[in-house]
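Dear colleague,

Please find the structure below, handed over for your records.

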Amino acid sequence: MAVTKLVLVRHGESEWNKENRFTGWTDVELSDKGRAEAIQAGELLKAEGFIFDFAYTSVLKRAIHTLWNILDQMDTQWLPVEKSWKLNERHYGALQGLNKAETAKKYGDEQVKLWRRGFAITPPELTKDDQRYPGHDRRYANLTDAELPVTESLATTIERVIPYWTDVIKPRMAKGERIIIAAHGNSIRAMVKYLDDMSEDEILELNIPTGVPLVYEFDEKMKPIKRYYLGNADEIAAKAAAVANQGKAK
(Lines give C-alpha, C1' and ligand atoms only; values in the text may rest on other atoms or scores of the structure.)
Protein backbone atom coordinates (compact mmCIF):
# COMPACT_ATOMS: atom_id res chain seq x y z
CA MET A 1 0.00 0.00 0.00
CA ALA A 2 1.35 3.43 -0.97
CA VAL A 3 1.78 5.75 2.02
CA THR A 4 1.85 9.55 1.83
CA LYS A 5 3.41 11.46 4.71
CA LEU A 6 2.62 14.95 5.98
CA VAL A 7 4.74 16.78 8.58
CA LEU A 8 3.24 19.39 10.91
CA VAL A 9 5.50 21.47 13.16
CA ARG A 10 4.38 23.93 15.78
CA HIS A 11 6.78 26.88 15.81
CA GLY A 12 9.62 26.82 18.33
CA GLU A 13 9.24 28.62 21.64
CA SER A 14 8.48 32.31 21.10
CA GLU A 15 9.45 35.22 23.33
CA TRP A 16 5.87 35.34 24.60
CA ASN A 17 5.76 31.56 25.15
CA LYS A 18 8.83 32.14 27.31
CA GLU A 19 7.03 34.93 29.21
CA ASN A 20 3.85 32.80 29.42
CA ARG A 21 1.69 35.33 27.59
CA PHE A 22 -1.34 34.85 25.35
CA THR A 23 0.00 35.51 21.86
CA GLY A 24 -2.62 34.80 19.18
CA TRP A 25 -2.10 37.00 16.12
CA THR A 26 0.54 39.17 17.81
CA ASP A 27 3.71 38.87 15.70
CA VAL A 28 6.30 37.72 18.22
CA GLU A 29 9.83 36.48 17.45
CA LEU A 30 11.31 33.11 18.42
CA SER A 31 13.31 32.91 21.63
CA ASP A 32 16.86 31.51 21.54
CA LYS A 33 15.39 28.21 22.75
CA GLY A 34 12.78 28.36 19.97
CA ARG A 35 15.44 28.79 17.29
CA ALA A 36 17.34 25.84 18.78
CA GLU A 37 14.14 23.75 18.70
CA ALA A 38 13.59 24.59 15.03
CA ILE A 39 17.19 23.73 14.16
CA GLN A 40 16.86 20.43 16.03
CA ALA A 41 13.62 19.66 14.16
CA GLY A 42 15.40 20.23 10.84
CA GLU A 43 18.32 18.03 11.87
CA LEU A 44 15.93 15.27 12.94
CA LEU A 45 13.89 15.41 9.72
CA LYS A 46 17.08 15.26 7.66
CA ALA A 47 18.42 12.33 9.71
CA GLU A 48 15.13 10.46 9.26
CA GLY A 49 15.34 10.90 5.48
CA PHE A 50 12.40 13.23 4.97
CA ILE A 51 12.25 15.10 1.65
CA PHE A 52 9.76 17.87 0.87
CA ASP A 53 8.48 19.39 -2.34
CA PHE A 54 6.45 22.27 -0.92
CA ALA A 55 5.97 24.09 2.38
CA TYR A 56 3.16 26.04 4.01
CA THR A 57 3.23 28.43 6.92
CA SER A 58 1.28 31.29 8.47
CA VAL A 59 2.00 35.01 8.06
CA LEU A 60 3.45 35.22 11.60
CA LYS A 61 7.24 35.31 11.90
CA ARG A 62 7.58 32.75 14.68
CA ALA A 63 6.20 30.11 12.28
CA ILE A 64 8.01 31.55 9.23
CA HIS A 65 11.36 31.60 11.03
CA THR A 66 10.80 28.07 12.34
CA LEU A 67 10.32 26.92 8.76
CA TRP A 68 13.41 28.83 7.63
CA ASN A 69 15.54 27.12 10.27
CA ILE A 70 14.18 23.69 9.37
CA LEU A 71 14.79 24.18 5.64
CA ASP A 72 18.25 25.57 6.39
CA GLN A 73 19.22 22.40 8.26
CA MET A 74 17.84 20.28 5.40
CA ASP A 75 19.69 22.43 2.81
CA THR A 76 16.39 23.10 1.03
CA GLN A 77 16.08 26.87 1.46
CA TRP A 78 15.02 26.98 -2.21
CA LEU A 79 11.81 25.08 -1.49
CA PRO A 80 8.65 26.94 -2.61
CA VAL A 81 6.65 28.27 0.34
CA GLU A 82 3.09 29.54 0.58
CA LYS A 83 2.14 31.77 3.51
CA SER A 84 -1.50 32.13 4.55
CA TRP A 85 -3.29 33.89 7.40
CA LYS A 86 -5.59 30.87 7.45
CA LEU A 87 -2.80 28.95 9.21
CA ASN A 88 -2.37 31.68 11.85
CA GLU A 89 -2.71 30.93 15.52
CA ARG A 90 -6.16 31.26 17.03
CA HIS A 91 -6.93 34.91 17.83
CA TYR A 92 -7.12 35.34 21.62
CA GLY A 93 -9.04 38.62 21.54
CA ALA A 94 -8.56 40.90 24.55
CA LEU A 95 -6.39 38.26 26.28
CA GLN A 96 -3.53 38.85 23.84
CA GLY A 97 -0.46 40.07 25.69
CA LEU A 98 -1.72 39.04 29.14
CA ASN A 99 0.24 36.64 31.34
CA LYS A 100 -1.56 33.29 31.51
CA ALA A 101 -0.75 32.53 35.14
CA GLU A 102 -1.81 36.00 36.29
CA THR A 103 -5.02 35.67 34.28
CA ALA A 104 -5.64 32.31 35.98
CA LYS A 105 -5.18 33.92 39.39
CA LYS A 106 -7.82 36.50 38.47
CA TYR A 107 -10.39 34.25 36.75
CA GLY A 108 -9.46 30.74 37.97
CA ASP A 109 -7.60 27.85 36.35
CA GLU A 110 -10.79 26.29 34.95
CA GLN A 111 -11.92 29.47 33.18
CA VAL A 112 -8.50 29.97 31.62
CA LYS A 113 -8.39 26.32 30.55
CA LEU A 114 -11.75 26.79 28.82
CA TRP A 115 -10.52 29.96 27.09
CA ARG A 116 -7.34 28.17 26.00
CA ARG A 117 -8.67 24.73 25.18
CA GLY A 118 -12.48 24.85 25.06
CA PHE A 119 -13.87 24.02 21.64
CA ALA A 120 -16.50 26.72 21.10
CA ILE A 121 -15.66 29.16 23.91
CA THR A 122 -14.25 32.51 22.83
CA PRO A 123 -12.09 34.80 24.98
CA PRO A 124 -13.29 38.40 25.55
CA GLU A 125 -13.46 40.36 22.28
CA LEU A 126 -11.23 43.18 21.16
CA THR A 127 -12.83 46.42 20.05
CA LYS A 128 -11.96 47.51 16.52
CA ASP A 129 -10.22 50.65 17.78
CA ASP A 130 -7.81 48.50 19.82
CA GLN A 131 -4.27 48.56 18.40
CA ARG A 132 -4.27 44.74 18.56
CA TYR A 133 -7.18 44.49 16.08
CA PRO A 134 -5.76 42.91 12.88
CA GLY A 135 -7.59 45.41 10.69
CA HIS A 136 -4.79 47.87 11.57
CA ASP A 137 -2.10 45.56 10.11
CA ARG A 138 -1.45 45.86 6.38
CA ARG A 139 -0.71 42.16 5.95
CA TYR A 140 -4.48 41.66 6.41
CA ALA A 141 -5.51 44.55 4.14
CA ASN A 142 -7.29 42.25 1.68
CA LEU A 143 -9.42 40.48 4.29
CA THR A 144 -13.11 41.27 4.58
CA ASP A 145 -14.62 42.65 7.77
CA ALA A 146 -16.10 39.21 8.44
CA GLU A 147 -12.69 37.54 8.10
CA LEU A 148 -10.94 39.89 10.56
CA PRO A 149 -11.37 38.37 14.04
CA VAL A 150 -11.95 40.22 17.29
CA THR A 151 -11.64 36.84 19.06
CA GLU A 152 -11.73 33.16 18.04
CA SER A 153 -12.59 29.79 19.51
CA LEU A 154 -11.05 26.56 18.25
CA ALA A 155 -14.35 26.02 16.39
CA THR A 156 -14.00 29.26 14.44
CA THR A 157 -10.29 28.56 13.86
CA ILE A 158 -11.33 25.26 12.27
CA GLU A 159 -13.67 27.19 9.96
CA ARG A 160 -10.66 28.80 8.27
CA VAL A 161 -8.02 26.08 8.66
CA ILE A 162 -9.94 23.09 7.31
CA PRO A 163 -11.17 24.65 4.03
CA TYR A 164 -7.56 25.68 3.40
CA TRP A 165 -6.46 22.09 4.06
CA THR A 166 -9.22 20.67 1.84
CA ASP A 167 -8.97 23.14 -1.04
CA VAL A 168 -5.26 23.98 -1.13
CA ILE A 169 -2.99 21.55 0.73
CA LYS A 170 -4.68 18.17 0.28
CA PRO A 171 -4.94 18.41 -3.55
CA ARG A 172 -1.21 19.06 -3.76
CA MET A 173 -0.55 15.99 -1.60
CA ALA A 174 -2.97 13.94 -3.71
CA LYS A 175 -0.73 14.70 -6.71
CA GLY A 176 2.19 13.14 -4.86
CA GLU A 177 3.92 16.21 -3.44
CA ARG A 178 5.58 15.88 -0.04
CA ILE A 179 4.46 18.64 2.31
CA ILE A 180 5.65 20.29 5.52
CA ILE A 181 3.51 22.80 7.43
CA ALA A 182 4.99 25.11 10.08
CA ALA A 183 2.11 26.60 12.03
CA HIS A 184 0.77 27.13 15.56
CA GLY A 185 -0.63 25.20 18.50
CA ASN A 186 -4.26 25.83 17.65
CA SER A 187 -4.10 25.75 13.87
CA ILE A 188 -2.41 22.35 14.25
CA ARG A 189 -5.00 21.26 16.84
CA ALA A 190 -7.67 22.21 14.31
CA MET A 191 -6.09 19.90 11.73
CA VAL A 192 -5.57 17.05 14.22
CA LYS A 193 -9.19 17.24 15.37
CA TYR A 194 -10.39 17.05 11.78
CA LEU A 195 -7.97 14.39 10.54
CA ASP A 196 -8.45 12.11 13.57
CA ASP A 197 -12.17 12.89 13.96
CA MET A 198 -11.61 13.76 17.62
CA SER A 199 -14.45 14.75 19.94
CA GLU A 200 -14.65 18.13 21.64
CA ASP A 201 -13.65 16.50 24.95
CA GLU A 202 -10.64 14.78 23.36
CA ILE A 203 -9.34 17.95 21.74
CA LEU A 204 -9.65 19.79 25.06
CA GLU A 205 -6.82 17.64 26.45
CA LEU A 206 -4.56 17.77 23.37
CA ASN A 207 -1.46 19.96 23.77
CA ILE A 208 0.99 20.42 20.90
CA PRO A 209 4.66 20.77 21.97
CA THR A 210 6.84 23.43 20.34
CA GLY A 211 9.33 22.52 17.66
CA VAL A 212 8.55 18.80 17.44
CA PRO A 213 7.74 17.25 14.02
CA LEU A 214 4.33 15.56 14.01
CA VAL A 215 4.03 13.02 11.19
CA TYR A 216 0.80 11.84 9.58
CA GLU A 217 0.67 8.85 7.27
CA PHE A 218 -2.17 8.58 4.73
CA ASP A 219 -3.35 5.66 2.61
CA GLU A 220 -3.99 5.78 -1.15
CA LYS A 221 -7.37 7.42 -0.57
CA MET A 222 -5.79 10.17 1.54
CA LYS A 223 -7.28 8.76 4.73
CA PRO A 224 -5.07 9.15 7.85
CA ILE A 225 -3.79 5.81 9.11
CA LYS A 226 -1.13 6.84 11.65
CA ARG A 227 0.06 9.87 13.65
CA TYR A 228 3.31 10.11 15.64
CA TYR A 229 5.99 12.53 16.81
CA LEU A 230 9.66 12.29 15.88
CA GLY A 231 12.11 12.40 18.76
CA ASN A 232 12.49 11.24 22.34
CA ALA A 233 9.07 10.23 23.71
CA ASP A 234 9.80 11.27 27.31
CA GLU A 235 11.08 14.71 26.26
CA ILE A 236 8.05 15.23 24.01
CA ALA A 237 5.63 14.25 26.80
CA ALA A 238 7.35 16.69 29.17
CA LYS A 239 7.06 19.49 26.61
CA ALA A 240 3.35 18.77 26.05
CA ALA A 241 2.77 18.78 29.84
CA ALA A 242 4.55 22.13 30.09
CA VAL A 243 2.16 23.56 27.48
CA ALA A 244 -0.82 22.26 29.48
CA ASN A 245 0.48 23.90 32.67
CA GLN A 246 0.99 27.35 31.14
CA GLY A 247 -2.57 28.38 31.94
CA LYS A 248 -2.47 27.53 35.64
CA ALA A 249 -2.09 29.98 38.51
CA LYS A 250 1.33 29.61 40.09
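An open sheet is formed by 6 strands in the order β3-β2-β4-β1-β5-β6, with mixed pairing. At its edges stand β3 (81-83) and β6 (224-229), each with a single partner strand, so one side of each is left without a neighbour in the sheet. The twist from one strand to the next averages 20°. β5 and β6 pair in the antiparallel sense over 5 bridges, and L214 has Y229 in β6 as its bridge partner. Strands (E, at least two residues) and helices (H or I, at least four) are DSSP runs numbered from the N terminus; two strands pair if DSSP finds at least two bridges between them.

This is a predicted model: local features need pLDDT of at least 70 and side-chain atom pairs count only at pLDDT 80 or more, while totals for chains, interfaces and linings use all residues. Residues are numbered from 1 along each chain as its sequence is written, and side-chain values use heavy atoms, with hydrogens and water left out.

T103 lies in helix α4 (residues 100-107). T103 is buried, with a relative accessible area of 6% (buried means under 20%, exposed over 50%, partly exposed in between; 1.4 Å probe, protein chains only). Not counting residues up to four places away in sequence, T103 touches F22, L95, L98, G108, V112 and W115 (contact means heavy atoms within 4.5 Å).

Leaving aside neighbours within four places in sequence, the contacts of I181 include L6, Y56, I169 and M191.

Methods: Axes fitted to C-alpha atoms, helices over the stretch in contact; angles between N-to-C directions.
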